[in-house]
Every structure is written in C-alpha cells, then in structure tokens.
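Hi everyone, thanks for making time for this. I'd like to walk you through one model today, so please have a look at it while I talk.

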Amino acid sequence: MATISLRKANARLPPEVNRVLYVRNLPFNISSEEMYDIFGKYGAIRQIRIGTGKDTRGTAFVVYEDIYDAKTAVDHLSGFNVANRYLIVLYYQQAKMSKKFDQKKKEEEIDKLKEKYGV
C-alpha cells in the first residue's frame, strides 16, 4: 500500500532515478543472501552483482523490477550500517561510470609511456 501512495505523490521522478543501484563501501565478506535480505525489503529484485575483483571488492549492483522500489531503497539504505560500514547507495549512471573507466585507461597509457621513455 505504501508504494501506491508513493507513486501518486511522486508522479515525476528526478532524471537520475534508475532501477539500477550502485552500492559502495560493502564489507568484503558479504554474501549474496545477505544482500538479498537487506535490499529485498524494499521490493522485488531482478539481479544483484557483487564485485569480486581486486578493484571491485566492496561494491555491488542491485537491479530492481520497479523504479519506485529502487527509489525507496536509496532513500532508506544510504548510510545504513552493515558490519560497521556505512553503505553508499547511488543510482547507476552509465555516463559517469564510463568517464571513470576512460580516465583510468588514460592514466595507464601515460604510465606505460613514462616507463617506456624513462620519465
């Protein structure tokens, strides 16, 4: 019932609101079951992807079935304490993520050139 009133009250959502959430500052040993327990309280989840690589540990992507469920999760879980770590829950934005990736790639190229020319 709460989601029905939320939908009527927020007929227009901000443009950054998205079904896909990007979660940072997760404990490294969190399990997918724990993630479903935490995020499943706010609506039906389509998928959760937990980072396992060296640079992606402590992060995850959570995809909700409904955009209003994702908004509710962001509103309630930003700053939520899990194993003495405060979660950072953001809407996934492709443009910002690709910018970070491009920046990392450029820095790697510069490092290679510096190494090659002994700078």
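The average pLDDT is 84, and 85% of the residues score at least 70. By element, helix α1, residues 2-9, has the lowest mean pLDDT, at 54, while strand β3, residues 60-64, has the highest, at 95. Where pLDDT is low, the predicted coordinates should not be read in detail.

First, the overall layout. The secondary structure comes to four helices and six strands, and along the sequence the pattern reads α-β-α-β-β-α-β-β-β-α. The accessible surface comes to about 8,500 Å², and carbon and sulfur atoms account for 52% of that.

Now to the sheet. Four strands form an open sheet, in the order β2-β3-β1-β6, with antiparallel pairing. β2 and β6 are the edge strands, each pairing on one side only. From one strand to the next, the twist averages 20°.

Let's look at β3 and its two partners. On one side, β3 is joined by four bridges to β1, residues 20-24, and the two run antiparallel. Here valine 20 has valine 63 of β3 as its bridge partner. There are also five bridges between β3 and β2, residues 45-50, again antiparallel. In that pairing, isoleucine 45 is partnered with tyrosine 64, and isoleucine 48 stands opposite valine 62. β3 is mostly covered, too, with four of its five residues buried.

Next, the helices that lie on these strands. α2 lies across β1, β2 and β3, and runs at about 135° to β2. α3 lies across β1, β3 and β6, at about 150° to β6.

Why do I call α3 largely enclosed by the rest of the structure? Because eight of its eleven residues are buried. Those are Tyr68, Asp69, Ala70, Lys71, Thr72, Ala73, Val74 and Leu77. You'll notice that Asp69, Lys71 and Thr72 are in that buried set along with Val74 and Leu77. Just after α3, glycine 79 takes a positive phi of about 90°.

That brings us to the packing. The largest nonpolar core has 21 residues, and the ones with the most contacts inside it are Leu21, Val23, Met35, Phe39, Val62 and Tyr64. At least two residues of this core come from each of β1, α2 (32-39), β2, β3, α3 (67-77) and β6 (88-91). Which element supplies the largest share? That is α3, with four residues.

I'd like to finish on tyrosine 64, as it ties several of these pieces together. Leaving aside neighbours within four places in sequence, its contacts include Leu21, Phe39 and Ile45. Asp69, Ala70 and Ala73 are also among the residues it touches, and each of those three is buried in α3. Arg19, Tyr42, Gly43, Ala44 and Arg46 are in contact with tyrosine 64 as well.

That's my tour, and I'm happy to go back to any part of it.

Methods
Residues are numbered from 1 along each chain as its sequence is written. This is a predicted model: local features need pLDDT of at least 70, side-chain atom pairs count only at pLDDT 80 or more; totals for chains, interfaces and linings use all residues. Side-chain values use heavy atoms; hydrogens and water are left out. pLDDT is the predictor's confidence in each residue, from 0 to 100. Buried means under 20% relative accessible area, exposed over 50%, partly exposed in between (1.4 Å probe, protein chains only). Two strands pair if DSSP finds at least two bridges between them. A nonpolar core is a set of buried Ala, Val, Leu, Ile, Met, Phe, Trp, Tyr and Cys residues joined through side-chain atoms within 4.5 Å. Contact means heavy atoms within 4.5 Å. Axes are lines fitted to C-alpha atoms, for helices over the stretch in contact, and angles run from 0 to 180 degrees between N-to-C directions. Accessible areas come from the Shrake-Rupley method with a 1.4 Å probe; for residues, only the protein chains shown count as cover.
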